[in-house]
Amino acid sequence: MGLEFLEGNEAVVRGALRAKCDFFAGYPITPSSTILQSMLELLPQAGGIGIQAEDEIASIGFCIGAAMAGRKVLTATSGPGISLYSENIGLAIMGETPMVIVNVQRQGPATGSATKGAEGDIQFTRWVTSGGLPVIVLSPATVGESYELAYRAFNLAEQYRVPVFLLTNKEIGMTRESVDLDAIALPPLVERKRPDGTRDYLPHDFEAASDVPAFSDFGGDRIARYTTSTHDKGAYLTASPAVIQEMIDHYTAKVDEAADDIAMVREDLQDDAEVLVLSYGVTSRSADVAVRQARAKGVKVSALVLQTLFPVPAKAIAGAMAGVRKVIVPEMNMGQYRLEVERLAPSGVEVVGVNKMDTTLISPGEILEQGGLS
Amino acid sequence: MSTSAYTSYLTDKLGPLPFCPGCGHDPLIKAIDKALVQLQLPPDKVVIVTDIGCIGLSDRYFVTHGFHGLHGRSITYGCGLKLARPDLTVIVLKGDGGCGIGGTHLLNVARRNIGITLIVGNNFNYGMTGGQHSVTTPTDGLTATTPWGNVEGPMDICGTAIAAGAAWASRGTVYDKDLADRIAEAIRQPGFAMLDIWELCTAYYVPRNRFKKKDLYELIENCGLELGLLVDKPRAEYSARYREAYETGKKAARPRREVEPAFTNALGRRTGIVIAGSAGQKIRSSATLFAEAAMFAGLNATQKDDYPITVMTGHSVTELNVSPTAIEYTAIESPDCFVVVSDEALKKVRQRIGKLPETCTLYAEESLELPETRAKVVRLPFVRTARKIDRLSIGIVALAAVLRDTGMFPTDAYAKAISAFQKGEVADVNLKALEAGIQLIAPRTEA
């Protein structure tokens, strides 16, 4: 029994440490600073290292270096910091670097409102760097999920050798909730695959495009290479269009072909539903209330809550949309994830957004009213 | 790896080094190789990190680990590798361009004394992109972007790093006879060590400025700079200091504030409480203890705080939900209890008070002039009561009164939370404040 009164940021730290994170670098920014503070306090006790860097660019640079030396790394920031991480995220994708990046979203653009909640970075996170290659993006709705998804983010980073984003929100990160983290069931820890010694070590070795290469540490007994430039499996510069395309196909396939395995959703479907409420993040808590209230009034309504935003859990979304005439997508932005839903919606299905960006939570009443359920 | 002597750290598989004829990078890379041969470091314990620029073509020619990262950020990857694995020898190669775009990393690695070796191949312009001017282009120097001569002054890379606290720094040229020895000496330093090596870019700077080897030495003299070892002030390397600071400063890990339900509650439904006060009135900590007390009574709770960034002044408004059922949507649209204890807070929540429903009870400090409200108003002497104990305890006094008045769960649960999670004098003061808050209500209910 471990009932505690924790904020989401503390839960992220607990989840990371539970996943054996042993390196953190970050730069102060509200509303993510308590992750930085807690990691710097707790990591040395856990045998790890935490450092406050001179800026966000150095934060993620330190993390990439440490990850390639074998550490399990975390960094945390908010929207403005992700902007500064952008170029290095491209590097991490190219280098197949396992790492977890927390974005405790705040109202943007630019400096926006530091202490106000938002969900404005949804598509920004998916298309965060040049080249448009896929990353994994998870979105918790509660303090408990902040813990669980932080832990799972490390597993996914290790398994797929790709940056994994935990997209939270000031409204979760800095809100305390009564929660028993110990009662949350977690899967076994996943560690990055190591080379087995039967082949010469290539940092980006694969047979099928979707294979995830084995990882050997910088400082390990196999010579490791890493490069920001277009390269072959050995991380040597190449100008061969065939090799370049082969590598791009690999980065894409290893994430996109695993979409069903990466997909985490919470389904509450009704067989004869006419309406689907599709939500994610803190707004899904209001959606749950709205769905219950609509059902009490006799509306046949299904609910789908996404914990994995990218790769898009297309199968789950298509399944939940089957048979409905309308999908309501409430978001604390001007309709970013609705784009994904619209492209998956069968013809004739109306997709309605409930959107605002005034820094306040979307209420159950707003979902009912603007979604046409009241 | 073989234990026999290492005779070269450069591979012969890729052919000769790729640089232009006469480029200073070629002798520089060969000098680094010679230095490594002197040191006989196992190649799998050495990482060559390169920046963007022509020098970034060099890492692949080494048989060590090789890391080629973004422009200007090579120091950050080097630091990450070194922090993660202090046993590795990390050598960062960058150009003068990288020192411009990544200037802050140069300052900060010098200041922190992370034990990497930085070697700058300084040839006064961006050779890879067409010979544009850099932070070290001499005044009046002709480049692709200073067609009438450079009007900017050059940055002294060593001087900048030394000003930031570099423990070991040396300036030289690729023509130095002892270049390999000096590189080996830099690599041997446990802390941050840097070499600023001046050289010629034969593709751009040399033809544009008719710049020759003798001009390099003249330039150094004209800039009033010295060659050779400029600073050698060893101090503890970062990772060693980090461990030492933790070992000497470490405190017992903060215990978790775990709650085991031990009281019953009489709360039939979710209840929203807003408490509005000022910085220094323990609003947030009192609310957290209140929520934990609710948890001791088997309830769920949430807490959100609103306060200005200048945390020691201004309003402090906290929203609490306590509920026998799961709390989903956390905002409080229609508060059940609203507490206001200071003028500053009243200014912040005045409009909200005007909109309170009849079902809400407004617990107000008696001295405040309240706006019109439909809420049931209970005026209590929070400030005067707290002043008798400790003027800061207003938050506890007020929430104790609310708890006693509403009876949502036993006040003993609040006492339990205070005793469980606070120590010594703080706990004593808060327990007194709790009792005083209860007494504000108790006589009325008995009467």
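Predicted model: local features only at pLDDT ≥ 70, side-chain atom pairs only at ≥ 80, totals over all residues.
How many salt bridges are there between chain B and chain A? The count is five.

On one side, 62 residues of chain B take part, and they are in contact with 65 residues of chain A. The size of an interface is often given as the accessible area lost when the parts come together. Here chain A and chain B bury about 5,200 Å² between them, with 56% of that on carbon and sulfur atoms. Within chain B, the residues that lose the most area to chain A are B:L70, B:E328 and B:Y329, which together make up 12% of what that side buries.

Now back to the salt bridges. In one salt bridge, the side chain of B:R112 meets that of A:E54, with 2.7 Å from N to O.

Which elements give two or more residues to the side of chain B that touches chain A? They are strand 2 (65–68), helix 2 (74–84), helix 4 (103–112), helix 9 (238–249), helix 10 (283–296) and strand 11 (300–306) of chain B. Sorted by class, this side of chain B has 28 nonpolar, 19 charged and 15 polar residues.

To find the spot in the structure, look for A:Y226, whose bridge partner in strand 2 of chain B is B:F67.

Key:
Residues numbered from 1 in each chain as written. Chains lettered and ligands numbered in written order. Heavy atoms only, no water. Contact = heavy atoms within 4.5 Å. Buried area = accessible area lost by both parts, 1.4 Å probe. Salt bridge = Lys/Arg side-chain N within 4 Å of Asp/Glu carboxyl O. Helix = DSSP H or I, 4+ residues; strand = E, 2+ residues; numbered from the N terminus. Nonpolar A, V, L, I, M, F, W, Y, C, P; charged D, E, K, R; others polar. Pairing = 2+ DSSP bridges.
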